[in-house]
Amino acid sequence: MIGIEGAVRVLVAAKPVDFRKGMDGLAALVQQQLRADPFSGVVYVFRSKRSDRVKLLHWDGTGLVLIAKRLEAGQFRWPAIRDGVIRLTPAQLSALVEGLDWTRVRGVRVPRPTSAS
């Protein structure tokens, strides 16, 4: 199955995009508007104006992967519309794609050990 695996960085484009764009159009948007590298392994998340659709763009080392999802009922929970990007954890991304409230997903912070015992 094609998907996103492992510990990856996730960046959400805060402004809605034209959902007619495919992987090349979204990669160009990442380069031109977000000033980022679409081939870096980061997962870029894009939202539609109606908030019921999401697209993920990811370079997996062999090619660009484009994943799209439309909710049949309801809307995805999105941050306020503004310029720039918002960083999510992989767990928050999973919740977002499932249509859940990703803002309630919090990672547990553990202090770095000072020695191995």
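**Reading the sheet**

Modeller: Helices (H or I, at least four residues) and strands (E, at least two) are DSSP runs, numbered from the N terminus. This is a predicted model, where local features need pLDDT of at least 70, side-chain atom pairs count only at pLDDT 80 or more, and totals for chains, interfaces and linings use all residues. Residues are numbered from 1 along each chain as its sequence is written, and side-chain values use heavy atoms, with hydrogens and water left out.

Biologist: In which sense do E3 and E4 pair?

Modeller: In general, strands of a sheet pair through backbone hydrogen bonds, either parallel or antiparallel. Here, strand E3 (residues 53-59) runs antiparallel to E4 over seven bridges; two strands pair if DSSP finds at least two bridges between them. Arg53 sits opposite Arg70 in E4, while Lys55 has Ala68 as its bridge partner there.

Biologist: What is the strand order in the open sheet?

Modeller: E4-E3-E2-E1-E5, five strands with mixed pairing. Strands E4 (64-70) and E5 (85-88) are the edges, each pairing on one side only.

Biologist: Which strands does helix H1 lie across?

Modeller: Contact means heavy atoms within 4.5 Å. Helix H1 (residues 23-32) lies across strand E2 (43-47), E3 and E4, at about 75° to E3. Axes are lines fitted to C-alpha atoms, for helices over the stretch in contact, and angles run from 0 to 180 degrees between N-to-C directions.
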